[in-house]
Amino acid sequence: MLLEVKDLRTYLFTKRATVKAVDGVSFYLRRGETLGIVGESGSGKSIMALSLLQMEPKPAGRIVGGEALFRGDDLLRKSQGEMRTIRGRRISMILQDPQTSLNPVFTIGNQLNEAFVTGKQGLARGGVRKAVVDVLRKVNIADPERRVTAFPHQLSGGMKQRVVGAIAISCSPDIVIADEPTTSLDLTIQAQYLRLIKRLQDTTGVGVIFITHDFGIVAKMCDRVAVMYAGKIVEHGPVRSIFNHPSHPYTQALINSVPKLEERTERLYSIPGQPPAPGQELVGCRFAPRCEFADERCRQEYPPQFEGLSRHSEHTADCWRLEDPTWRPSRH
Amino acid sequence: MASQPTLRVEGLKRHFPVTMWRRLKRVAAVVKAVDGVSFDVGEGETLALVGESGCGKTTTAKLILALDTPTSGTIRLGDTDVQNLHGEAYRHYREQVQAVFQDPWSSLNPRMRVKEIVSEPLVVNRRRSRRDIRARVAEVLEAVGLNPAHADRFPHEFSGGQRQRIALASALSSDPKLIILDEPVSSLDVSIRAQTMNLFRDLQGQFNVSYLLIVHDLAVARYMSDEVAVMYLGKIVEHARTEDLFSEPLHPYTKALFAAALPGHPDVEREEIVLEGEVPSPIDPPSGCPFHPRCPMKIGEICETTVPALRTHQGRHAVSCHLYDDEAAAATASAEA
Amino acid sequence: MREAQASAVGAGPTRARLAWRWLRELPLLPIAIILVVLVIPAIFAEYLAPHNPYSGSLRARLQPPAFLGGPSEFLLGTDHQGRDIFSRIIFGSRISIAVAGAGILIGGSIGTTLGLIAGYFRGVAETIVTRLVDLTLSIPAILVALVVAAAIGARFTTVVAIVALVLWAVYARQVRAEALKWAQSDFVARARVAGASHFRIIVRHILPNIANTLIVLSTLQVGFVIVFEGSLSFLGVGIPRPNPAWGLMVADGRIHVVSAWWIAFFPGLAIMLTVLSVNMLGDWLRDRLDPKLTQV
Amino acid sequence: MRRGLLLASILVLASLGSTAFSQVAVSELERLVIALPPVATETNRIWAGSWVMHTQFEPMLETLIGNDPETGDPIPRLAERWEASDDFTEWTFYLRQGVPFHFGYGELTAEDVKHTYDLLSRDDSQVNMAAVWRDRVAEAVVVDDYTISFRFHEPYIDGVRLFSRTGGEMYITSKAQWDEGGVAAVDERIVGTGVFRFQERTEGVNLIVEAVEDHWRDVAPFREIELRWVPDETTRMAQLLTGEVHAAALGRDVAESAEGQGMVVIPSRRENMQRFVPFGGLYFNTGAPEIREDNPLLDRRVRQALIKAVDLEAIQEELYKGRVTPAFRTGWVPQHEGWNPEWAERFDEMYGYDPERARELLQEAGYGPGQMSVRINLYEHPGQPESPYVLESLQPFWEAVGVEANVTPVDFGTFLARWFEDQGVHGEVWITRNTPLRTTQEFIEFWHTAAANGKLFLDDLIEEKIVELRFAVDPEERDTIAREIGDFLFEEFVLIPLGATHVEIVVDPDVIVDWAWPGQAPTNWTHFYMIEPVR
Amino acid sequence: MLRYLIKRLGQTVFTLFAVTVIVFGLGRMTGDPATVLMPVEARQEDRARIMELWGLDQPLHVQYLRYIGNVLRGEFGDSLQWPGRDALELVLLRIGNTLELGLVALLFAVALAVPIGVFSAVYKNSAIDHVGKFIALLGQSLPHFWIGIVFIWIFAVNLRWLPTSGRGTWQHLIMPAVVIGWFQVAALMRLIRSAMLESLDSEYIKLARLKGVRERIVIWKHALRNAAIVPLTYFGIMIAYLVVGSITTEVVFSWPGVGLLVVNAVTARDFPVVQAVTIVFAFVIVLANLVVDVLYGVFDPRIRFE
């Protein structure tokens, strides 16, 4: 087990309210595996990912509980100094927006150098330069020797994102967390980038946590998927199991509300209402106010986790409805 | 398609001159943002303009909205030519063509109350009594599913989906013939998109309005539109009824887009067409077919030298690609015969 | 960024509740100082001032403050004309408000108008305005003040005109940049699509969105104006003499710094407290009204 | 004294030289620094500016006739003796022999004196007496190397003052230098015969002079003196207190502060200036239509009321620190022609502080409370830091008797321009001063004749009398005419006489023991060789 | 870049030309210098003679054309107040002193504003933030001439640490530079603080931290380098304020700079000097803006001067 997160809680303490952004999240990641974390904006997925690296947004954000065992070591108990040796080297991250995630005033080479220098103190000067060019080549950047001296604004969006990718893999980390890395890319560029990630994963065996709001990316890229809603993972399981037998009403609704390219949809399922506002005190199931199956208990008490859904041991979901075995989807 | 289209665009071009200094020499160049685009939008119908960023779809929208002036070509709304509108005719056009923009956060003035935003197209164009305006605001707010009692609130008190509804209410308030929807759902939360798209579709019938949908997401185009035009580097490369296009995409670029689109299910297998490189700069567009440098089905020199015309293929499916030259020629021949 | 925005809204607290929150977080100390030092004296000067601020008795000049053993009738002592410093400071608040108010109002209006025109219409108007701004900023205002005062005399109107002359450029620069930004916003595009006239767009759409900037900018200028007016007084081209302008009192009292330090000290303190509080309030408003910072 | 003046001009005085001051020793201090407000014109060109700039020449240049440091009386300096012709149209000077110019420019001769005269009468000469040098002097005749005669077109009584520092500006400079390098050489450095010689000048910063070794007359008390131009009074005081400068010119309020810190105020030995507040625009003889009939100041009662409303003693004691001599009739001094001792006796009755009487007078003149207003032109008169305070202090006095006083701040230069235009200051008051060195005739000519700028109070009577005075040679006759004019003006209440003040310098008693200078020159500080260092 | 420079130089020339027009007009508004410089006793005809000598008796447009002609040749004429001294030369002799003071003041302002700005952004709403802001604001709340004399009083007269005034050693520079510079700290600090807040909130800072870069480097290299660009645009205005501040401060500290010169010159109606000072000031300010623009390009690679 590469990473095992148990009951992670990160709250944002603002003057007006305490926002339970991550409210008891547990999951795990194996070597070479891709885990998708799907959720809408505000579901807490990004804060959750940052919390793993003790990078929760300060000063409001604070990790208030749980543990994150990386190769058995609890990341949450480490000092900032220790975390620095982990960030970038053992666990790295690709951020959402390539336009803003590269520092506009430093060259590509400079920013990659830094990744190497902080990562591997041992490298000599020439070695660093060679390594920089190598890693740029690895992410399919043409003419890497020349690109080293370029500033971010001189590159296209797709290239920038590859540079961010290069920074992420520069120290051969064990885990790469990719936070919506393709949302701002065009369709054809997105396809190129996803292919690149897949290839890099195949060659290096790195574990990838893919954070996204798009089931399409999950379908294409992930082995397993966890669905987040309002700070909680409401359903989790192997990707096919989830697609074929979504067990939580939210998962079902999400899958049904997305138009398909492959077939004509007469009418999409429309999820009523709005996602809960941060700081809104919620008891019971977070999705209950928008759920067509919700009853009084759903609104009062948070449901337990039901395991082994669709006869798959790893498929879990939090929904009272699953108490009734008839609702539990069975494997075909 | 109705006999008299709501909007008819013919040979629309928008070229931006740019001057650059290269090694102390002044170089004048032209960005051909929109380069000869023609299409109709039928009454009560939806036409989707699909393409990647920089393909000219947004510039086209701006031209139709008269936020920009075309270099050449005509835009007609009913019988009115959009160029050189003045006075009454200009106000009339402003009432008839409205828009909903992509970003619900920046497209509503944060300093105005909802009722002011919604009624703006009414207030600025015609003298109407306050009571009429209030009634109309309530009517359209109700239509988009918002509580008319909230008309005194400010936009920041609403969520993204609600804001997009306000934008739609505002667009509908002057009873327009055409609304331009510029990426209307792409910045909304996933769980909100479906309700918003359904709303757009429902209201189209109710208000008998035509939509010109600017979108990059093919699935959204399929769900929302009656007709689809695919744009690449300022030109329409393929144009057909939605079902025709999705059942049989013809242009290699359209095919590549389909291939690149994300699957709806892990088991969906796609043809692997991965385009190399990026969209060329519109300052220096490639000669011949603009797509030829990236085209996996390039047939030869003709692609580099001759611009393919947008020709009808099998009835109503228009495509601009040399692959279909023979067929088109045959069709023309048979028609002549 | 968007994520924060989306979440910030959600429930949509009412306007009243927002206003209440806003009030509760007001920086009380600066506001209290502004009220006590500036606003209340200005309104009730006639009732608060124990003496005539314009005339005193030569025989009672340079009296120390009452609490330092001076005559009990002069709380903060007297100046070189035997005038009650306390009364003069009270009346001086009016001049500070008038100079800052008029200067900022005139300079701000001109600068805002030209900035809006330049930022919205671009083109020739923008070129002219930016050139004028550059020109204004490249001639030291104090120098102009010296020359103008030599020519037509130092009067209230001269001082206000000089202040306005400096400020308009500051406003025009800032407003032009903001107008430029907002002119490209989607809601302005929507307004144009709706058929709104340029005037309506500028007044109803752009101006209200610049209002915050204007408020913050103006607050921060108040301090500058008061200090600037003092500098003019020091050079003898500020508010004319018998007037109890704070800057003038400090300038006049400087020479007594050894023997009668209170003449310059108390008006100096009034300036410092006012400027400090106004700036603190300005900074607070800035943190509060600048959308970039409120979203954090 | 006026008799003495004439006497002195005819007398051949023995050379007193410097013998009386030979005990002066050279200070240990390398350089004495004196902080002064900047002079209007810093230059080596003696013809390029007016009296107030001459302080900078004082250490380096000398005049034909000197002034006694204690009394200001004329004493021989570069001229050993002098005489006037009987009709006062020719003044002859016999120069001291063997007086060397600085920097080896040879000995002083009559040619140098003539050269200096040429400079002062240049077209671009801006000295106060430029008109005299240009128009009243017919020619300067070099009789021999050590004798020179100045011939005048008409009688010139006041030659002694003209050729001393108290009146004229004839600071003798070297012809040899001019012949060698012209004006450029003068701009480079100034060549004179004084106890100190030019060393270095930085415009707007300072002027440094150094002692002349084996000076023909005196021993320089300091090796170097720096005149440092410091515009800000408070800064001058700070410099004095820290020991950065050893003497500083300070206003009386600031001087008082400095005294509190152990510094010492040295006033000049004699009064330097009479200060007064004139009532403007009293032009009774011009008939100019611009003269408003309704100007209340035209009424003598109003003028008296405005004077009696002012507590002069309070101003003298509080603002001038009591270091002021009453001037009962400004422009007239006991030493000069026309003085009437009765003025002092009648002063309190006519001019004394009496607000009640002031109110009555106004009532009589038809001005009840609030019915009359006066404009006070407020500015700082150069070299008079108290002047704005005085002007400001008038307002409450006048308001107290029901006269609205509009204090209007003006720039001094702008005000001068208005004043010099005939009707510019009609019905207004301001502040100015007169040097008591000026003869009565000069005073009257400047302030009371239409031809000059002063235009304080113009009347046909004065115009008649002044002509008489100009051509009168008999001392008795002159005295009578001058007194008549004085009596007339005394009765007319033409100004508020603030009194005569000394020029002062504040010194560090650890460095300077005393400085004897008469103060009787329009230029404030003179006799730098008289600064007595602490040994 | 070259084209941009040429364009900017063109604007500079325009600005300076406009300055000459304004300065000429203002100068003539103030009345005739003969009244001020000549003795009170001088007769009107003597005054007229001098005015003629100075060419001030001509109609205004003639004077103006002559003036422009001279200015184009770089001649401002002789000072009226310092006879025999070329006005421009007088100004140029002293501009160095003013710039020396201005630069040290600038350094002081930067040295104080940058740490305060950075720390109050990093530790937003902490005690450091508040104390830093207070120090910065205090400088802005005190008129130059007042704080100047208080400084002289405390540090020169009572403590005897520093000389009261004048120019000479580096100690002479300290008080006037602090007085001028301190006034600018608040504005600069505000800009740095908000730019830092924005920068610290950015994705690239997040990424730098994710790379494992030390916090010190994150703040002082990544964040500050970006945040420094924003205040840089303010430097042009700041130079103008420094120049303005120098006028009062030079008077208080008897600093032999252009400010001191011009105060005298205005009082004396010394047109040639006032004109020369204004144009030299304008030139310095415009040049500073130009340098700032070029520096902007150096600091921000995104600007390409198109």
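## Aromatic pairs in chain D

Trp178(D) is counted as partly exposed because its relative accessibility is 21%; buried means under 20% relative accessible area, exposed over 50%, and partly exposed in between (1.4 Å probe, protein chains only). Trp47(D), with 2% relative accessibility, therefore counts as buried. The model is predicted, so local features need pLDDT of at least 70 and side-chain atom pairs count only at pLDDT 80 or more, while totals for chains, interfaces and linings use all residues. Residues are numbered from 1 along each chain as its sequence is written, chains are lettered from A and ligands numbered from 1 in the order in which they are written, and side-chain values use heavy atoms, with hydrogens and water left out.

Over all chains, the whole structure holds 59 aromatic pairs (rings of Phe, Tyr and Trp, the latter by its six-membered ring, with centres within 6.5 Å; planes under 30 degrees apart are stacked, over 60 edge-to-face, the rest tilted). Trp47(D) and Trp178(D) form an edge-to-face pair, 6.0 Å centre to centre with 80 degrees between the planes. This pair links distant parts of the chain, 131 residues apart: Trp47(D) is in the loop between strand S1 (31-36) and strand S2 (65-67) of chain D, and Trp178(D) in helix H5 (residues 175-188) of chain D. Helices (H or I, at least four residues) and strands (E, at least two) are DSSP runs numbered from the N terminus.

## A second pair and ring-charge contacts

Tyr117(D) and Phe150(D) also pair edge-to-face, at 5.8 Å centre to centre and 75 degrees between the planes. Helix H2 (residues 110-120) of chain D carries Tyr117(D) and strand S7 (residues 147-152) of chain D carries Phe150(D), 33 residues apart. Tyr117(D) counts as buried because its relative accessibility is 9%, and Phe150(D) counts as buried at 0%.

The charged end of Lys232(A) sits over the ring of Tyr302(A), 4.6 Å from its centre (NZ of Lys or CZ of Arg within 6 Å of the ring centre and within 35 degrees of the ring normal). In chain D, Arg189(D) lies over the face of Phe103(D), 3.9 Å from the ring centre.

## Interface of chains A and E

Contact (heavy atoms within 4.5 Å) joins 25 residues of chain A to 20 residues of chain E. About 2,300 Å² is buried between the two chains, with 64% given by carbon and sulfur atoms; buried area is the accessible area (1.4 Å probe) that two parts lose on being put together, summed over both. Arg84(A), Val105(A) and Glu114(A) supply 25% of the area that chain A buries against chain E, more than any other three residues.

Two salt bridges are counted between chain A and chain E (a side-chain nitrogen of Lys or Arg within 4 Å of a carboxyl oxygen of Asp or Glu). Lys211(E) forms a salt bridge with Glu114(A), whose closest N and O atoms are 3.1 Å apart.
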